[in-house]
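Take a look at the chain below.

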Amino acid sequence: MALVANCDSDLRIYKRSLGSNLPSRQEKDVCRSGLLRKINTFYRKALRRLKGRLRRRVVARFLDGDGGGLCLGLLDPVSSILANALITTYSPDPASTTREQRRRGKRDERSVAGDVLEVMAKRSLDGLVGFLTRFFPFLADSQALLYLYIADGDLLVAVRIALSDLGMKRFGSSVPAVKDALRAALKCGALAAGHPDPDRLVGAWLAISCRLHEAVKLLRKLRRSGSTSSADKLVRLLLDGSRVQDGCEDNDLWLPWQRAASRRHCPSSVPFKFTNFLKRTFQDVIHGFYLQALARMPAGELRSRFHRSLLKAGHCYGPLDPVSNIILNTIWYDAVFPPTVKLEMGLICTLSLHQIENRSLYGLASFLSTRYHRIGFHEAVRCLLQADANLLIADPNLDPAGTPDSLRLELQTTLRAFRAAGFCDVMDGVDTLAQGHSDTSVEKAFLAAATAGYHPNPDAQAKFLASCKPMLGSFLLLLQSGEQLSSEDVQLLAGRMLSPESRRDKPLLPFPITSPFVIELLHKHAKILKKVASVLNRMPNGDMYEVKVVCGVNDEVSGPVHSLNSGSFAPYKWHRSHINFFATHKIAGGAPELFFAELSNGDKDEAQLRSFCCPVSTPSPCAERIRCLYCDYVGIRIVHPIQKEFHGREWEFEHMACGKDPTTGKFDPTRMVPFHTNMSIINNSSLVADRVYARLKEDDFYEDSYENKSDLGCEDGDLELMSFFTSSSIF
């Protein structure tokens, strides 16, 4: 990231830079050649561990080139090769191996290396890279090679290094999500390597994770004696995966990770800085905080007023925890800089929400770097990840007396559990800052944050955040309680922020619907809200819920496909949308629940495009998430269900791993270029995921002054937009 020039020398204001932050071609080539040599050595060691007849059979199958003995698995590389060779190529029946195969199997292993092992090493490396790029969203192939190079070709060690480098300290908080990611990554890795039976490989390795000690014991016997009886037992264990997994305990999932920790300790630091990759983790963390803030705000005020102040000035930096800061900044801006027109919205504009999240990210990093000049953007983000974006934790000198002990204890417990699970702890930035003094005042640091965060009035926000705690009084506990806020709560809180002479109840002018872009957006929002309400009512007991607000929309799912009737300049269309929304129980009340919906983009919900919705959990910060190829591609952060099928979850990634295009069933790799590739996902998603200062069409909703526009004589000027949303006449 780049520092803004020509600003106060005490301020460190960061803005987005356009660099890719990826390894150079030379670095990539060095890593690839070194890994191929290392993997070739693994194959030689694996062959030396086998003896007699068993060794000749495995060698014979290697010579057939069926690709079964890949260096892809959850054990050390040599053991993974042996296990894969046995489950794919080994048969206890001598008749299954022809005389010619047995004759070829007697050839010296050096001849085998010359004929086959070099090819097997290349395919294995493709599989390892395919695993990592499926396991980690937005990880480039060249970055995967560097992590593997540091790990000496050991897959799980490379995963552990990457998790630690990303600050994923709550990895494993959802065991079903980890299992899903592991299964999907193994499948894509096997497909990328050209494995003859990927499903068999996946089932075998999931079985190994459930009965790891038994599998390792049998592999040791193979090494000592090379007996076919040990091989038979191991094969039966691996191929009986479905039965084994039914009795698998959650704790068994971590056994391979613990063995990886015992094989290789993670480095205390890595010799590169993947800042953009690290930033993606932080963006997911911040998005989760905004979802929590949306859930806590009262529905009426959120739809009528707070949607404006949230998207313009609801940053997550401040003197409280991130969620409380979002609510505080939103209410303060609405009170001090109130709207001039009446605008009811049942849908939070997705791109605008992502933009305020990104502005918060740069604001947080600029605050910390301004307070401590010795740290840059990358180090600031690391500190903030360790502190869950809480400046009270990230900046030990901000308000030592005002930081709850329970908060510090929770974070310390999380970090201890992360270390105890065998993961590296390279996120020690907070401890480093605690040992030194701050370089600038709190108000200056908040000014840097507000400037980097593109706040409409940075000076006013900086002064407010630096001095607001005393004026909050008892409302401080209310904000930090995590409870749902009522209309009365936010009205009283807004009153605390204003002096009596500054309070004014100026009537709001009607919103002028004059811009064609605004009319187009309103039509689109209305269709989405109507479909969301419909699919919610069709869900079991869904009629007991009412939609509070839609908070995320990706309407580019299942496509693009060519269409002459798409209605837009580009002759393409997408069949479906992925949506997040909050809904409240009509009778029980309580906190709103977050839902995921997959909707048809057509006016009719045809049988082949069935819509559905289901509840999902707000993601924990620095934890794993469920991936969707289409949402990743456009860079929109949608929370997807863990144990529910949806388009973009599985086979699309699998097609991409094979070099095919998931958008068409008639893909010809000799004449066509895939639309979705790993690098196209990374490059295209950055257009939205890294948007900070762009002018959006949705900004037409939030102009600061509409007085002149309201006098244009528009007949729609006095139209209330909530009734506009629900009117069937607009379709």
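Which residue in E10 does Phe596 stand opposite? Phe596 faces Cys614. The model is predicted.

**The sheet**

Start with the strands. Four of them form an open sheet, in the order E5-E8-E9-E10, with antiparallel pairing. Strands E5 and E10 stand at the edges with a single partner strand each, so one side of each has no neighbour in the sheet. From one strand to the next, the twist averages 20°. E9 and E10 are joined by four bridges and run antiparallel. Strands of a sheet pair through backbone hydrogen bonds.

H27 lies across E5, E8, E9 and E10, and runs at about 120° to E5.

| Element | Residues |
|---|---|
| Strand E5 | 545–557 |
| Strand E8 | 576–585 |
| Strand E9 | 589–600 |
| Strand E10 | 612–615 |
| Helix H27 | 516–538 |

**A covered helix**

Helix H7 spans residues 155–165, and eleven of its eleven residues are buried. Among them are Leu155, Arg160 and Asp165. Just after H7 comes Gly167, with a positive phi of about 70°.

**The cores**

The largest nonpolar core has 115 residues. Phe282, Leu364 and Phe701 have the most contacts inside it. Helix H14, residues 275–296, gives the most to this core: ten residues. Leaving aside neighbours within four places in sequence, Phe282 is in contact with Leu361, Leu364, Val381, Leu384, Leu385 and Ala389. A second, separate core has 85 residues, including Tyr43, Cys71, Leu139 and Val235.

Notes: Residues are numbered from 1 along each chain as its sequence is written. This is a predicted model: local features need pLDDT of at least 70, side-chain atom pairs count only at pLDDT 80 or more; totals for chains, interfaces and linings use all residues. Side-chain values use heavy atoms; hydrogens and water are left out. Two strands pair if DSSP finds at least two bridges between them. Helices (H or I, at least four residues) and strands (E, at least two) are DSSP runs, numbered from the N terminus. Axes are lines fitted to C-alpha atoms, for helices over the stretch in contact, and angles run from 0 to 180 degrees between N-to-C directions. Contact means heavy atoms within 4.5 Å. Buried means under 20% relative accessible area, exposed over 50%, partly exposed in between (1.4 Å probe, protein chains only). A nonpolar core is a set of buried Ala, Val, Leu, Ile, Met, Phe, Trp, Tyr and Cys residues joined through side-chain atoms within 4.5 Å.
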